[in-house]
Structure formats: C-alpha cells, structure tokens
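Please open the structure in a viewer and keep the sequence beside it. The stops below are to be taken in order.

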Amino acid sequence: KILIFYILFYAALCGFFAAIFAVFYQTLDENMPKWQLGNGLIGTNPGLGFRPMPPESNVESTLVWYKASSPENMEYWVNEIDEFLKPYADDVKVENRVDCDFDHPPPEGKVCNVPVTSWDPCTAQKRYNFPKSSPCIFLKLNKIFNWMPQIYTNATSLPDNMPEELKQHVAAEEKRGSKNTNVVWVSCEGENPADVENIGNIQYFPRRGFPGYFFPFRNTKGYLPPLVAVLFERPKKRNRDDISYVTIMKKL
C-alpha cells in the first residue's frame, strides 16, 4: 500500500508541474521576447562586440597580438574570423535575403545581405590582411529585439564630444545625400596619448558605421547583424595599443 501511495503521489506531483509548465509556455511567443526594450533585463543599449577574440585561456585580455612573420602565430586569429563569418559566406543561400542600400531598404519579411567578401582587403582570400601587419578587426552590435537606434543624421546637430574628423565625415556624407547619414556611427581611437600616436591610420568597410536599414531586429528568418571591418593600415610594431571602439547615436 505504501508503494502504491508513493507511485500515485509522485505521478500527481509530476502531472501538476507538467500542467503548470504547459500553462506557462502558452504565455510565451517563439518569435519575440515577452519583455522588450526598457521592460527587459537587456535594456535599450546594445553592446558593441568585436572579432577575433583572444583564446579562452586568456579571458582577462582583449588584446590581439601576433607576429606577421609567423604564419602559425596568426593562424588562430584568422581562423577565429573565418568561423565568425561563416553565416555571411556567399554560398549560404537564404531565400528572403536581398541586397539593400539607403534607397532600397528591405521589404516586409525580407532581410539584408552583408557582402563581406567584397570588403577588400578585409577578406578571407587575403587572410584579413594579417600577413601585412595591417589587420582587420570586425565590429558588430548585439541584437536587441525591436530596438531602433536614434541616429545623428544632421551635421549641424552633432554632439560636442564627437571626434572632429568624424564630424567632418558626417558632413561630407550629408552633402552626398541625406539618406547617407542614416548610420549608427563608429569611432575607433587609442585610449591614451601613446596609443593614439601608435595606432596609425584607420579605414572602415563598407562604411563608417551600421546602416539604419538593418534595424529594427525582429527575429526575421535569415537576419544577419550588420558588420564594420576596421582596417589598421600601419600600427606601430612591438607596441601594445589599447583601442576604444565607440558607437555614436542619440541616447546611447
């Protein structure tokens, strides 16, 4: 009798919890989070990430350090970028991905291609320019469902703390057409005077920021987060440069 009692007791207990979970899952949507933006834990400020990241054995550092004269030494960094860019490869075909630009944002139900293979010299064929001591680092914004950036589109209303050369860039883009400033701007700088001196010139591919037509993210099938490839043309060798990557938009 005791055995039968415990069998029935635990069966009822399992049934009770199963019913609770069933009711709970009915309140969830597979395509969107229940709590969004300011109501959720993530909030409204997306993190800015970069690749390649250092090995897991060196989790306390974000330093990219290698010898261009040693193929084995830079193999890790190149492989990390290869792995990161796999979803962006040309041979990955998704029906609802289309080519986008400022005049042609994605239609409803479609998402934009990110043509990383055309960002020469930041391509796999050139090993992301690592062999030339002029490496490419890839930036990305973390995804936040339904988040829409508030962008600085007018060169006359830029914040005072925006780097002067970026202000000039925004003004030049505005002259080409107001749509060209629909960008979450990116600025990369050395963290201290020595880093600023050693970092050298920088180029951004395909542009200096993340186009606004990639937002908002709504978990549409095939969506790829936009990327920016940052080419360090000639950083000084044998120096440790601490670099700060910043996204610039309203209310960041």
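This is a predicted model: local features need pLDDT of at least 70, side-chain atom pairs count only at pLDDT 80 or more; totals for chains, interfaces and linings use all residues.

A disulfide is a pair of cysteine sulfur atoms within 2.5 Å.

Residues are numbered from 1 along each chain as its sequence is written, and side-chain values use heavy atoms, with hydrogens and water left out.

**First stop: confidence**

Colour the protein chain by pLDDT, the predictor's confidence in each residue, from 0 to 100. The chain averages 82, and 86% of the residues score at least 70. Helices (H or I, at least four residues) and strands (E, at least two) are DSSP runs, numbered from the N terminus. Select strand β8 (residues 227-232), where confidence is highest, at a mean of 94. Then select strand β9 (residues 243-248), where confidence is lowest, at 48. Over residues 244-252 pLDDT stays under 50. For these residues the model has 41 contacts beyond four places in sequence, a contact being heavy atoms within 4.5 Å.

**Second stop: Cys 122 and Cys 136**

How many disulfides does a search of the whole structure find? The search finds 2. Select Cys 122 and Cys 136, which form a disulfide with their sulfur atoms 2.0 Å apart. The link is left-handed, with -75° about the S-S bond. This pair links distant parts of the chain, 14 residues apart: Cys 122 lies in the loop between β3 and β4 (136-141), and Cys 136 in strand β4.

Now consider accessibility: buried means under 20% relative accessible area, exposed over 50%, and partly exposed in between (1.4 Å probe, protein chains only). Cys 122 counts as buried because its relative accessibility is 1%; Cys 136 is also buried, at 0%.

Next, select Cys 100 and Cys 112, joined by a disulfide with an S to S distance of 2.1 Å. The torsion about their S-S bond is about -100°, so this disulfide is left-handed. Cys 100 sits in the loop between β2 (97-98) and β3 (111-112), while Cys 112 is in strand β3, 12 residues away. Cys 100 is buried at 17%, and Cys 112 is buried at 3%.

**Last stop: Cys 14 and Cys 188**

Is Cys 14 buried or exposed? Cys 14 counts as exposed, because its relative accessibility is 54%. Cys 188, at 7%, counts as buried.
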